[in-house]
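Hi there,

Here is the structure I promised to pass on. Please have it open while you read my notes below.

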Amino acid sequence: MGILNRLSKAQKRKLFSRFVLNWMPILSRAQALEHEFSQIGLKSATQNYTLNTSTDSKHGVNTYAVFYAPRSDANTNAIAMLLSLGKLFKRCSHFSKDIIFVVSDGQAEGLQAWLKAYHGNEESTYDRTEETLRVRSGAIQAALNLDFAGTGDYNALGIFFEGVNGQLPNLDLINTVADIAKDVAPVELTLHDELVPYTDNMTKNYINSLKKMLYMMKYQAVGSPSGNHGLYLKYKIDAITLYGFDKPGWPSQRYGFQRLGSLIESTVRSLNNLLEHLHQSFFFYLLSGVRRYTSIGLYMPPVIILGVSFIFQALSLWGVSSDLPLEVEAISKGEKTAVGLPYSRRDRNLKVPATIIGMSFVAGLASFQLLTTEFGFPGETPMLKLVASVGVCSMLVISAVSSARVRNHVLKSADKKDNSASSGELTPAVDWIILKTFILALSALFVTTLSALNFSLAVSIGVIIVFPYMVFRPSRFIGLSIVQAIILLVISPPGLLLMASSFYSMDVSMVLGWALQEYEVLGTWLLPAVCGIYWPLNLAAIVMVLMPVS
Amino acid sequence: MAQRTAETRNEGPLKNTPAMNRSSNTTAVFSTALALRLALFQFPTLVSILGGQVEIATPITSFKRLSEGVFLYRNGVPPYDGGVFHQAPLLLGLFYPVISSPILVKLLYILSDLAIGFMLLRITQIKDRDAAKDERIRHDLTPNLGLFWYFFIEMFDQFRPFFIIVFQIHVFIFAAPISIKLRNHPLFVAFLLSTVMGTFKGYPSVGDASLYLGLLPLCSEIFKYMRYSFLIANLFMYSSLLAPIFWYLWVYVGSGNANFFYAIGLVYGIGEIILMIDTTYALMRRDFEAQSPPQPSDEASSHGWDREVVQK
């Protein structure tokens, strides 16, 4: 690197980082970085990892360096920045915490391998190999993920904060960066990578904020992180991504290396001043702007109302399946019996609906197993597996509907025979009523419990199913039942998959492959939740609308 | 006692089969139960996951702590000294010879499950009385689905002994009034008292729920008088789903806190209390109908009474 000596230090680092990132093979790249870190005087090391998923195989090398306290953590791709900061921190004596610099390889899987090994969870199976870390420090308190493409200047700084399965970092971390970007190192700060001008039109401002919030909810609902910071959150480490970008024509002041450095240094120092984890603030929030949040107290009531609407209808149907209708009839006829009538004299026949619900869950879990297992026969693709699971599910629907109809037929003909004899016996409520009660009760259960884990996913599932599940019921006109079944098919997982892929004009197999990949690499809950919860209820609902009316 | 017991105890042997098929059905049910347990033991991860759930393994039921106690005892250390082991000395004696062999331990659990099932079956056949109680006061602040641990982490140390007594009184204070009032229904008393214990004891787990839910079908004749069965089922489902979720948010993610988990313990407690109230109501209502049948002349009002009961 003789030529480099003539350039200024900052230029040298920029050139080096470009060289390292773009042209060197993985292993020598890691070694070069390790060398640079140790040049600065930091204790550095590399880590190999391999990850085999059902569709792909990934290998890479992570590099990291620990700055031991005179003690924090920072992960970054902006290598030049990292090296400079390393040098700067080395000169500072006021740090009371260790700072770790991680340059991870590949996409999320590289950092995940590092995090696993750091917390002592490294595996060495055929599917996953993560090398044990040689250099270590204490428990990580917070992390900053730096994403600065290119070597030029930027005029805006974006914050990405959505983690795996919709987990969020403590709001104070975002507030800290927002404060610093206002005073200490003035830069134009925004959420994600979009700048929306503030206008005089209030309605327009509201809609812009709403768009921001929906954008965030989208990330949360699918459960994939919006950046590498998302992986830290799984380990109780608050983390955000800082993303530098250039928006042409935006009037804000441009900033370069220098100001960015002081922003990061101030943030790291703020974190350094903390005595413990950030915890006295918000973990449950929706952001519609850097300085504008919606707290859990405001956004939870709608999802509770959604859940309650399911429960209320389930309760009323449960009442209908008991003596309630008879009681009402008795009152209308002017009989005095209504007062003394105990509850539930009419037997509820739970066997048929319970079997259908049970079978639907078995079918959903079977589809999940089908999708995630690698069978190893030639020509095996996720698409083929999806077709197979749709086959399993449709088989269930067909067999359940046909047996329900046959059963109804047999019961009716038996009923006709001893019509004269049966006088006092009360006929139990029809099967579909109980089945619908079950579906509604379970929907309420899942929507409300899921909202504690991942609000956005729960609310999007709730909004999709609330109308069909509440309104739909078998009809005397077979055509109407079929129309309902078709609508339910549209909102079934394969239907939604088709719609999503046509909306984003992507190939269906690509979307499916992506969902599988996210589950296998990052362990997101979208696929298990859809197959284990959403699909079974949808199957049961389809069976319900096709069941005999009486 | 064991997580295994909790899952499947109340499934099979409680069905009332007609006399003709009874013996063959019983064999089928018991062999299915045996096969199911043997199959479940083939998933070691399942055992470790369930063993780590706070709803299932409490300080006085945890197998891990039992193993530790046996280990200490075997190595000549007094097991009760360390503050880790709180289980009954008899359990220590029972597991001392078998714990080194996993097969024997599994066999012990399976056999005890089957024995419990068989006894429940015998009870349904002869409907005789049998109830036993044994509780001891403990002092360990591990969170669980119970109603009391939260108070003790909030409380000043000097009040603890007093409140331990106050809370523990709940476990047995109901025994006298319930036994007097419901003296004609010994089986129901057994059910009700085990529910009371399962609700108010210091370290309840789903094992306690499996006990009273296992005893409940012995009084299946009162089911049709129950008014809140749907509500109770829902409360149990919500608490069993939300408990692990809130535990996860509190302990693993760090975004929740102890209040979340305790709130679910309260929901579970409410479910148990409504179950007790509703079953007691149902039993009394049935008694009332049996003792005061409607006037034979008043056809209309007899419409609401249960014919079978009135005829008795």
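Which residue is the bridge partner of A:F160 in β9(A)? The partner is A:T241.

A word on conventions before the rest. This is a predicted model, in which local features need pLDDT of at least 70 and side-chain atom pairs count only at pLDDT 80 or more, while totals for chains, interfaces and linings use all residues. Residues are numbered from 1 along each chain as its sequence is written, and chains are lettered from A and ligands numbered from 1 in the order in which they are written. Helices (H or I, at least four residues) and strands (E, at least two) are DSSP runs, numbered from the N terminus.

**Strand β7 of chain A**

β7(A) covers residues 156-160, and five of the five are buried, so the strand is largely enclosed by the rest of the structure. (Buried means that 20 or more other C-beta atoms, placed from the backbone, lie within 10 Å of the residue's own.) A:A156, A:G158 and A:F160 point one way, with A:L157 and A:I159 pointing the other.

β7(A) has antiparallel β9(A), residues 238-245, as a partner through five bridges; strands count as paired if DSSP finds at least two bridges between them. With β8(A), residues 189-191, the pairing is parallel over three bridges, and A:L157 stands opposite A:L189. Together with helix α5(A), residues 171-182, β7(A) and β8(A) form a right-handed β-α-β unit. Right-handed here means that, with the strands pointing away from the viewer, the path from the first strand over the helix to the second runs clockwise.

α13(A), residues 455-471, bends by about 40 degrees at A:I465, a residue that is itself buried. The bend is the angle between axes fitted to the seven residues ending there and the seven starting there. A proline, A:P468, follows within four residues. The buried residues of α13(A) pack against α6, α8, α12 and α17 of chain A, where contact means C-beta atoms, placed from the backbone, within 7 Å.

α17(A), residues 526-545, has a kink of about 35 degrees at A:Y534, shortly before A:P536. Of its 20 residues, 17 are buried, so α17(A) is largely enclosed by the rest of the structure.

**Chain B**

The end C-alpha atoms of residues 235-253 of chain B lie 25 Å apart, and this span is 100% helix.

Happy browsing!

Definitions and conventions: A residue is buried if 20 or more other C-beta atoms lie within 10 Å of its own, exposed if 12 or fewer, and partly exposed in between; C-beta atoms are placed from the backbone. Two residues are in contact if their C-beta atoms, placed from the backbone, lie within 7 Å.
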